[in-house]
Structure formats: structure tokens, C-alpha cells
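Please look at the model below before reading on. The text then goes from the overall make-up to the packing of its elements and ends with a single residue.

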Amino acid sequence: MTGLSTILIVVGLFLLGGIYSFVKQQMPKGLIALLSVGAVMCLAAGVMRLDVWA
């Protein structure tokens, strides 16, 4: 596991926690959608960089 993939996965999980918090606080849906896209991109990039696929 590389350092960058670890950082991307941690950031993605952090964004998922932010999404949960924003939904509970009824924040604007555009902001929630933006965080969702960012979280998915970070998690996908982190998982794709893992060396488990080789």
C-alpha cells in the first residue's frame, strides 16, 4: 500500500463523514452532491492505486 493511496482513502472516508453530517444538518443539496463526488473520486483513486490488483 502506497502513501498516496492511503491518503486518498482517508480523505474519501473523511468526506463521507462530512456528507453524513451535512445531511443531518440539512445543508444545501448542491454542497452534499459536490462532497459525494469528491468522496467517490478519492476512494476510487485510492483503491485503484493499491497494489492488490497486480
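Predicted model: local features only at pLDDT ≥ 70, side-chain atom pairs only at ≥ 80, totals over all residues.

The protein has two helices and zero strands. Of its 54 residues, 22% are buried. The accessible surface amounts to about 3,900 Å², and carbon and sulfur atoms account for 77% of that area.

Helix α1 covers residues 3–24, and helix α2 covers residues 29–49. Their axes come within 8 Å of each other and cross at roughly 155°. Angles over 145 degrees count as roughly antiparallel, so α1 and α2 are roughly antiparallel to each other. The crossing of α1 past α2 is left-handed. What kinds of residues make up the contact of α1 with α2? This contact has 18 nonpolar residues, six polar residues and one charged residue.

Contacts along the sequence can be described as well. Among contacts between residues at least 6 apart in sequence, 66% join residues that are at least 24 apart.

Ala-45 and Ser-5 are 40 residues apart along the chain, yet their C-alpha atoms are separated by 7.3 Å. Is Ala-45 buried, partly exposed or exposed? Its relative accessibility is 30%. Buried means under 20% and exposed means over 50%, so Ala-45 counts as partly exposed.

Methods
Residues numbered from 1 in each chain as written. Heavy atoms only, no water. Axes fitted to C-alpha atoms, helices over the stretch in contact; angles between N-to-C directions. Helix = DSSP H or I, 4+ residues; strand = E, 2+ residues; numbered from the N terminus. Parallel < 35°, antiparallel > 145°, perpendicular 65-115°, else oblique. Left-handed = near helix turned anticlockwise from the far one by under 90°. Nonpolar A, V, L, I, M, F, W, Y, C, P; charged D, E, K, R; others polar. Buried < 20%, exposed > 50% of the residue type's maximum accessible area, 1.4 Å probe, protein only. Contact = heavy atoms within 4.5 Å. Areas by Shrake-Rupley, 256 points an atom, 1.4 Å probe, with all protein chains shown as cover.
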